[in-house]
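I opened this entry to keep track of what I looked up. The notes follow the order in which I checked things.

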Amino acid sequence: MSLVDLVEEKQLRKDMDSFNVGDTVKVQVIIREGDKERIQVFRGDVIAKRGSGMGASFTVRKVSFGIGVERVFPLHSKMIKKIEVVRRGKIRRAKLYYLRKLKGKAARLKEIRS
Amino acid sequence: MVEGLIGRKIGMSQTFDQQGNVIPLTVIKAGPCTVIQKKTEEKDGYSVLQIGLVEEKGVKQPIKPVQGHFKKAGVPPVKILREFRFAQEAKIKEGDQILVDIFHEGEKVHVTGTSKGKGFASVIKRWGFRGGKASHGSMFHRAPGSIGASAFPSRVVKGKKLPGHMGDNKTTIRNLTVVQADTESNLLVVKGSVPGARNGLVLVRKADFDIHAPVEKKPVPEEEKKPLEEEKLEEKRPEEKKFEDKKPIPEEKESAPEEGKPEEKKLEERKPEEEKPEGKKPAPEPEKQATEEKEMIPEETMPEKENRSPEIKEKAPEEKKE
């Protein structure tokens, strides 16, 4: 273990459920407005995961009112309250950037059935 | 107290602040260092501590004259030696060990290292020139352009920014904030970046180091010296107290391990005063937050969970049947 990992270890969020690329997730984002805190949910497909340690992040894509919206979240951010996995997707590559070009029915992901 | 330490850059990491912003961090393995030689005004003409970086990797036996140098201090030989200033009144001997605990959280430090070599670089990379047009028939891309006038002065002005070797210079980044100083693993974490590559040698120095630090002027009270010191202390105290009231932070920095008893009492007195106002304030706040959270959770998260759980249960038996 490198010494950087030693510093990072305390800060990593180990309370998160594990999820993979292709999963549909609900990300509960903490939003601070002045003194108030509220939670906003961003629901979409995870199309990419990258990085390691404290720098790791993941990209969630959803189609909102016909417009594609992508949001990149730092995996270990304090502003994420919870990540819920809604659906496990069956995928054949690590980055699903091809979904950007697809619309409607073509942009669906197969579900993993156990 | 010693001004600073020798260390090695380990690498970079990041953390998040309360607002969720990313804060870049650099991890430095600082020390442990041993004092090899104490240079004095009388003997060497200047007053400084020569300290060596103790590393896990073994050191080759140095040549005999150098062996004697380490033998005098009574420490095993080390490869890297550097000189640091020290508080004149501090009781530091040759052979003493210095650890990261000389730094504390929130303190400002200067970090000196050797920047990464960039090789022969031209003016855009080296001096930030804008460069010319890239296209539309332009033949003037990244060239430096004119480097001066013609007949007068008939030469290139001294100091003209031109291509040449870039990087691999001694560079100091000033006023970096210490985020963490861990004596157990000898790690020092500072906010921001530090010159040099990983495993590069860096010198970490206190930003507001004072050789004539007032704390060091009060040695541990001994019976013989007491009367004299008390007089001195009485003279100094009113001034020092004012200084402490205005700037409590630098005062606390200097008062690390080697304190006189009067200093400790002052610290004790100060702490309860600070804690009282803090203790009162947070009490009402958690209650508010707790109520807010309770209100929020049922609104947004709870119904979803309730709805979902029956769905999942319904699906599960279907899948099994298939």
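I looked up the barrel in chain B: six strands close it in the order β1-β2-β11-β10-β7-β12, with antiparallel pairing. From one strand to the next the twist averages 50°. Strands are DSSP runs of E, at least two residues long, numbered from the N terminus, and two of them pair if DSSP finds at least two bridges between them.

The model is predicted: local features need pLDDT of at least 70, side-chain atom pairs count only at pLDDT 80 or more, and totals for chains, interfaces and linings use all residues. Residues are numbered from 1 along each chain, chains are lettered from A in the order written, and side-chain values use heavy atoms, without hydrogens or water.

I checked one pair of strands. In chain B, β10 (residues 170-182) and β11 (residues 187-191) run antiparallel and are joined by four bridges. Q180(B) stands opposite V189(B) in β11(B).

Next I took T15(B), which lies in β1 (residues 4-16) of chain B.

Last, the interface. I noted 28 residues of chain A in contact with 27 of chain B, contact meaning heavy atoms within 4.5 Å.

Definitions and conventions. Axes are lines fitted to C-alpha atoms, for helices over the stretch in contact, and angles run from 0 to 180 degrees between N-to-C directions.
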